[in-house]
Amino acid sequence: MQQIALGQHLIVAPPATTANLGPGFDSLGLALEFRDRLEIRTAQRSTVEISGDGAESLPRDESHLIIREMHRYWEQRGFAPAGIELQATNNIPHARGMGSSAAAIVAAYATADALLPAAERGGLDAVFQAAAAWEGHPDNVAPAVYGGLSISATNADGTFSCALVPVHAQVRAVLAIPSNGLSTEVARGVLPAQIDHAEAAANTASGALLIHALSNDPAYLLAGTVDYLHQSYRAASMPESSALIALLRENQLAAVVSGAGPTVLALVAGEQQEQQARKLIEQFSAQSAVSWRAEFPRLAANGVTVEVL
Ligand SMILES: Nc1ncnc2c1ncn2[C@@H]1O[C@H](COP(=O)(O)OP(=O)(O)O)[C@@H](O)[C@H]1O
Ligand SMILES: N[C@@H](CCOP(=O)(O)O)C(=O)O
């Protein structure tokens, strides 16, 4: 087996992502300027330091997701796994619907790829394919890799497609993040195996309208964020999120479940709607059973960044 050069030093920053955006289940995703930061060196043996989310619970040996998956990426390409000194600053909250697992897996594969000899690197497209296969759906992985607004799909042969779509300058994301989490695996477990044809047709119309709203005319955001595929089935597992979404939508703001939840995303047009969303979230939070914090991240034009030191 070939060897990975030791003493290589990188800083890697994957963005948080918000997936689905209402009707785009397992397809639409948006990158947010809200990043984890990983400092990584190749070394004789692995060490792990973690601050932020997961600092109390994540493993500090080679079973850590990022090291384990870097090793797998190398082994599949004929390289012996090198030791990894990992310093992780986890800013993206876990199990909130902000793509923390996609960020971690994209960071792992982007780092592993960058540490290969230049002739062996697969680049971002190889990272996208590997990470989407690991997640089982490409919607968070695509914006985490490429940035921006992405439409991604699982092809019949099991590979993945991704197209990037420009975002209208007025569009902003407002997040309301609750103190409690919900794992994506659990939130996927409550979805039905089949849905009604009329609902599928309505969802197609809504999703198509949403792309037009996000790219060309934000006036269609409210109509374009009606979902028929997942939110109603998940509502019982996140009643407070559902109540906040209802309040925001009653006030004409395009609120949806972010990813598999329970974070709430409002897609707003301009400063005035952003302030309106902030006030409604504060008002809701004051009487809610869980505590909420609002975040106003810029949309991220770039996906994962890899800085070679
Ligand atoms: N930076 C990270 N390092 C290691 N494991 C992580 C990291 N981020 C996420 N994970 C793993 O992914 C889980 C959360 O994934 P998931 O339930 O899909 O929620 P989400 O991706 O919406 O945050 C965490 O509990 C943890 O096991
Ligand atoms: N389409 C997926 C998106 C999961 O996003 P996450 O940020 O919650 O991991 C789903 O809805 O299950």
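The dialogue below goes from the overall fold to the ligands and then to the backbone.

Modeller: This is a predicted model, in which local features need pLDDT of at least 70 and side-chain atom pairs count only at pLDDT 80 or more, while totals for chains, interfaces and linings use all residues. Residues are numbered from 1 along each chain as its sequence is written, chains are lettered from A and ligands numbered from 1 in the order in which they are written, and side-chain values use heavy atoms, with hydrogens and water left out.

Colleague: How many helices and strands are there in the protein?

Modeller: Helices (H or I, at least four residues) and strands (E, at least two) are DSSP runs, numbered from the N terminus. The protein has 10 helices and 15 strands. Its radius of gyration (taken over C-alpha atoms) is 20 Å, close to the 19 Å that the globule rule gives for 309 residues, so the protein is as compact as a globular protein of that length. That rule is 2.2 Å times the number of residues to the power 0.38. Along the principal axes, the C-alpha atoms fill a box of roughly 60 × 40 × 35 Å.

Colleague: Which residues surround ligand 1 and are the closest?

Modeller: A residue belongs to the shell if one of its heavy atoms lies within 4 Å of the molecule. Ligand 1 has 17 such residues, the closest being His94, Ala95, Ser100, Ser101 and Thr184. Helix H2 (residues 100–114) gives the largest share, 3 residues.

Colleague: What polar contacts does ligand 1 have?

Modeller: A polar contact is a pair of N or O atoms within 3.5 Å; within protein, one must be able to donate a hydrogen and the other to accept it, and residues adjacent in sequence count only if both atoms are side-chain atoms. A polar side-chain atom of Ser100 lies 2.6 Å from an oxygen atom of ligand 1. Backbone N or O atoms also take part: one of Ala95 is 2.8 Å from a ligand 1 oxygen, and one of Ser101 is 3.0 Å from a ligand 1 oxygen. The protein covers 79% of the 560 Å² of accessible area that ligand 1 has on its own, by the Shrake-Rupley method with a 1.4 Å probe.

Colleague: Which residues lie closest to ligand 2?

Modeller: Of the 15 residues around ligand 2, the closest are Asn20, Asp26, Asp139, Arg188 and Arg234. Strand S3 (15–20), strand S4 (24–35) and helix H5 (184–189) each supply at least two residues of this shell. An N or O atom in the side chain of Arg188 is 2.7 Å from an oxygen of ligand 2.

Colleague: What is the phi of Asn20, and which peptide bond is cis?

Modeller: Asn20, in strand S3, has a positive phi of about 80° although it is not a glycine. The peptide bond from Gly261 to Pro262 is cis, with omega near 0°. Pro262 lies in the loop between strand S12 (254–257) and strand S13 (264–269).
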